[in-house]
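Please keep the structure at hand while reading.

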Amino acid sequence: METPLHVSEICSVICEYLNSRSLSRLARTTSAFRDPALDILYGRTINIETLMRCLPSDLLTVQREVPKNAASLPLVLSRNIVEGDVPKIMRYFQRVKRLCLFGNGAIWIPALRELASNVRVPYLFPNIRHVWIGISAALLLDPSLYFGPDAQTVSFQSNVEEVGYSWLPILSKHCSALQRMRFSPGFGVNMSFETSSLLTSFQKLIEVVLILPISSSDFQILGTCPALQKLEFDGQNVLNSWDIEVPSLGFPSLRRLKLPRLYSPELVPSFAAGSFPQLQKVHVSGITPDSTERLLYAISTSAASLVSFKSRMEDFTQREHFLSLFSYLRYWSGTLEKIEISALGRPHDSGLWHFSHVCAPLLSLNRMRRLILWIGPPSGLTMTDQDAFEIGRQWKSLQELRILLSTTTEGGISLKGLVALASECPRLTSAVIPVSYVQVPHSPEGSCNISLRWLAVGCAAIENEVSIANFFKISFPNLKIIRPDSDLPEPYNERWARVKELLGDRTGPGEDPDEESDDEAEFNWY
């Protein structure tokens, strides 16, 4: 009869809960844990320095002729690779799935390059999946020596020289499963026409992130990548001149598009009708009022099924700016479910902005599930009970509502309005809204929402903390976290602290609710 330690699946489950130091110790404890522990240890992200230190101690030596301006002494092989070295080397290298080549890793590259040339195996890292390169790609020479056919992600980050572009033809031949590529500053000043055209040879490429300048002609070519689903332009000033319209046949599979800051209408690309038949999510890093009309018009003519819109607004200083923006978003009234707007300028219109005056066009979006509005300071938005009734009546599927709280205790919905909103929106799980809790109007008849678990109340002034806590317990039985405004004056702060205690809220001030995750998980590039 076998003991539990002889079942590799049990050992693997145990190892998944251990940190790197514990895994390293466990692998040296017993043979039963050696392979499971090493598989998980080297399956996590590992830097090249840690990996090279696993080689036999007599195999490496410091290079005698140190290159000029070298920050550290490079290491090279001290002797030739013999047949007995290969199993020792590949015992670790074949387990690596996520490899980082950054910073001081450059001193190990000469030895790594010699290994790749002398170890007689098809690939030095046959099971590699994700590679982050932050050193000169020229030092590594031919990437086919390192990465096997199952590599899925390559990220060229800071300090990468333009010579790295020579990798693309080789990667397209040897890494047929490559799905994600990321190009950061230092990789090249501009993407050339030839470079962007090479990306189309990656038949399974689903995501491209560009943090460097690109022209409209390159943008056109990226549209011909057959499987491309996510295209992201990050950073500032990454768009050059956009003088060519994207052809209607471009981007047949694109679902997510992130655009950089668009400071002027001239930077807004022109999309021909039907350019994005599958586009669902648009994220703009920054946009001005002058650019809003052109951008949303361009998207409306090319994408008919937008689900999510997210943007940071620049120079939106008047209510008319928001009314214009929200009016354009009504084009997707049958599909739009998520809106996240951040406008941190200083509005010219002083005082409070009422929800009904600014956001009325949004109420026609009857599929709304998530609305986040950060407008101000100093104005901020406020709501009335009538606004709460209208939101509840129009947005039956609402799950998250966050509105920048007013910095005063004036305005806000009452407990009656909150109950009406929560009752009409049974899926509402978190809310950040300006509320007025002067007193409890009546004893609650019972639970009105079993989904609400996080509530921020702003500068709400209360008198009887016990009655407020009892009201919440009965009306919202699953409410776990409640937040007053951090600038709330005494004695209200102490009273809200008592409410939190009565509700059993033991979370700290920085513990916010988990934001609703996207239907498709975001890839962590780091």
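Helices α14 and α15 cross in a right-handed sense; a crossing is right-handed if the near helix is turned clockwise from the far one by less than a right angle, and left-handed if anticlockwise. The contact is formed by Leu415, Leu418 and Val419 of α14 together with Ile468, Phe471 and Phe472 of α15, where contact denotes heavy atoms within 4.5 Å. By class, this contact comprises six nonpolar, no polar and no charged residues. In that classification, Ala, Val, Leu, Ile, Met, Phe, Trp, Tyr, Cys and Pro are nonpolar, Asp, Glu, Lys and Arg are charged, and the others, Gly among them, are polar.

The model is predicted: local features require pLDDT of at least 70 and side-chain atom pairs pLDDT 80 or more, whereas totals for chains, interfaces and linings use all residues. Residues are numbered from 1 along each chain as its sequence is written, and side-chain values use heavy atoms, with hydrogens and water left out.

Two packed helices are described by the angle between their axes and the distance between the axes. Helix α14 (residues 415-424) and helix α15 (residues 465-475) pack at about 15°, with axes 12 Å apart. Axes are lines fitted to C-alpha atoms, for helices over the stretch in contact, and angles run from 0 to 180 degrees between N-to-C directions. The angle therefore makes α14 roughly parallel to α15, a term for angles under 35 degrees.

A second pair is formed by helix α10 (residues 289-300) and helix α11 (residues 319-329), whose axes come within 10 Å and cross at roughly 10°. Helix α10 is thus roughly parallel to α11. Pro289, Thr292, Glu293 and Leu296 of α10 meet His321, Leu325, Tyr328 and Leu329 of α11. The residues of this contact divide into five nonpolar, two polar and one charged.

Attention now turns to a loop. Pro226 lies between α9 (216-222) and β9 (230-233). Its relative accessibility is 37%, so Pro226 counts as partly exposed, the class between buried (under 20% relative accessible area) and exposed (over 50%), with a 1.4 Å probe and protein chains only. Leaving aside residues up to four places away in sequence, Pro226 touches Thr200, Gln203 and Ser253. Pro226 and Ser253 are 27 residues apart in sequence, and their C-alpha atoms are 7.1 Å apart.

For the protein as a whole, the secondary structure comes to 16 helices and 20 strands, taken as DSSP runs numbered from the N terminus (helices H or I, at least four residues; strands E, at least two). Buried residues make up 49% of the 526 residues.

Key:
Angles under 35 degrees count as roughly parallel, over 145 as roughly antiparallel, 65 to 115 as roughly perpendicular and the rest as oblique.
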